[in-house]
Amino acid sequence: MTADIEPLKRTLSLARQEIAKVIIGQEQVIDSALIAIFTNHHALIEGVPGVAKTLLVRTLAHVLGCDFGRIQFTPDLMPADITGTHVFNLQKNSFALVKGPIFTTFLLADEINRAPAKTQSALLQAMQERVVTIDRHTHPLPGNFTVFATQNPIEHQGTYPLPEAQVDRFMLKISMSHPQRDEEIQLAGRMLGDSAPEAVLKSGAVQAVIGPETLAEMRQQLAGIRVQAELIAYLVDIVRRTRRHQGVLVGAGPRATQALLLSSRAAAALAGRDFVTPDDIKALAVPVLGHRIILRSEYEIEGLAVEEVIEQILQEVTVPR
Ligand SMILES: Nc1ncnc2c1ncn2[C@@H]1O[C@H](COP(=O)(O)OP(=O)(O)OP(=O)(O)O)[C@@H](O)[C@H]1O
Ligand SMILES: [Mg+2]
């Protein structure tokens, strides 16, 4: 039986169309973000200042009809600053819960590596379990709770890099680079007129084409996308090979296998297909595996990059036909 993915295709192209009213270019970035959302996972976003990381997440929230929140992580940020706390109400003579900014649907966690470990873990528990514990009481988060976390890549001083166990919880890493020349010209032109990207988002010209219910339906439709047994073996071999590469100190774990499988299925849907191809898997290898692999320091000194290691692995593993 083949799945009817026509409704899914229509909704996806509608969403992309609305997002493109605000975000110029960055098609791959948008697709990666949609993959994380449609598989109900979380993403790391990496990019220098000013490449529209914040604007992207705000736009996604708007188009997908979900709440948006942002938390700036700082060295003095305490877990209760993000989760919330009970505050004594003098008039009522009792404690009342004041929920923190984590209670939203699409959360931009900016510069997550600036906060100390216990604050990072409060976020990571919420990501994993979609509940927040405050004073021993647990509170559920929305089913579509999705974290987009940025890391500050430039300054390492005064930052607390996420331990591997924590980066592993992010399905993929989205790298945002500077716009192309023609895109930057287009951006500059729009800044002069009344169609600056932020203004367009606020103007009401961008429609919310997907709501929380549609999102849940779309996830179910994704299940109809076929992955042949040979392709499952192919991606398992790719992940396992990361553990044996001579340049790798720590390879990708089983969460990577699951992430590669689910993300390639979503990528097939974005490409308008009801089946996964080897190219879907190859294209996601760096975004899904890159942040989970730690190279041996001697290899890093030789200037070997994670991307090159993954490229070598893709060359080595036999592609099923
Ligand atoms: N591809 C793009 N499409 C639309 N607007 C863009 C694009 N690239 C940059 N901009 C513009 O650049 C400005 C910065 O965007 P934004 O604040 O989202 O960046 P950021 O990546 O979050 O930066 P920071 O790292 O400093 O937080 C905005 O005014 C936005 O309109
Ligand atoms: Mg920002």
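Colleague: I'm new to this structure. Does α11 pass α12 in a left-handed or a right-handed crossing?
Modeller: α11 passes α12 in a right-handed crossing. Keep in mind that this is a predicted model.

Colleague: Why is α11 called oblique to α12?
Modeller: Look at the angle: α11 and helix α12 (residues 278–289) pack at about 130°, with axes 9 Å apart. That makes α11 oblique to α12, because roughly perpendicular stops at 115 degrees and roughly antiparallel needs over 145.

Colleague: Which residues make that contact?
Modeller: On the α11 side you have A256, A259, L260, S263, S264, A267 and A268, and α12 brings D280, I281, A283, L284, V288 and L289. By class they split into 10 nonpolar, two polar and one charged.

Colleague: And what makes α10 and α11 oblique to each other?
Modeller: Helix α10 (residues 229–242) and helix α11 (residues 254–270) cross at roughly 140°, and their axes come within 9 Å. The cut-off for roughly antiparallel is over 145 degrees, so α10 and α11 are oblique to each other. The crossing of α10 and α11 is right-handed.

Colleague: Which residues bring α10 and α11 into contact?
Modeller: I232, L235, V236 and V239 from α10, plus A256, T257, L260 and L261 from α11. Sorted by class, the contact of α10 with α11 has seven nonpolar residues, one polar and no charged ones.

Colleague: Why is α1 called oblique to α3?
Modeller: The axes of helix α1 (residues 6–20) and α3 cross at roughly 135° and come within 10 Å. That makes α1 oblique to α3, since an angle has to be over 145 degrees to count as roughly antiparallel. The crossing of α1 and α3 is right-handed. A15, E18 and I19 in α1 meet T59, L60 and V63 in α3. Those residues divide into four nonpolar, one polar and one charged.

Colleague: How do you know that domain 1 and domain 2 are in contact?
Modeller: By counting residues whose C-beta atoms lie within 7 Å: 23 residues of domain 1 are in contact with 20 residues of domain 2. On the domain 1 side, α1, α2 (27–38), α6 (164–167) and β9 (172–175) each supply at least two residues. α2 gives the most, with five residues. That side of domain 1 has 14 nonpolar, four polar and five charged residues.

Colleague: Where does the chain divide, and how far apart are the centres?
Modeller: Domain 1 covers 1–223 and domain 2 covers 225–316. The C-alpha centres of the two domains lie 24 Å apart.

Note on methods: Residues numbered from 1 in each chain as written. Chains lettered and ligands numbered in written order. Predicted model: local features only at pLDDT ≥ 70, side-chain atom pairs only at ≥ 80, totals over all residues. Axes fitted to C-alpha atoms, helices over the stretch in contact; angles between N-to-C directions. Helix = DSSP H or I, 4+ residues; strand = E, 2+ residues; numbered from the N terminus. Parallel < 35°, antiparallel > 145°, perpendicular 65-115°, else oblique. Left-handed = near helix turned anticlockwise from the far one by under 90°. Contact = placed C-beta atoms within 7 Å. Nonpolar A, V, L, I, M, F, W, Y, C, P; charged D, E, K, R; others polar. Domains from an automatic or database assignment.
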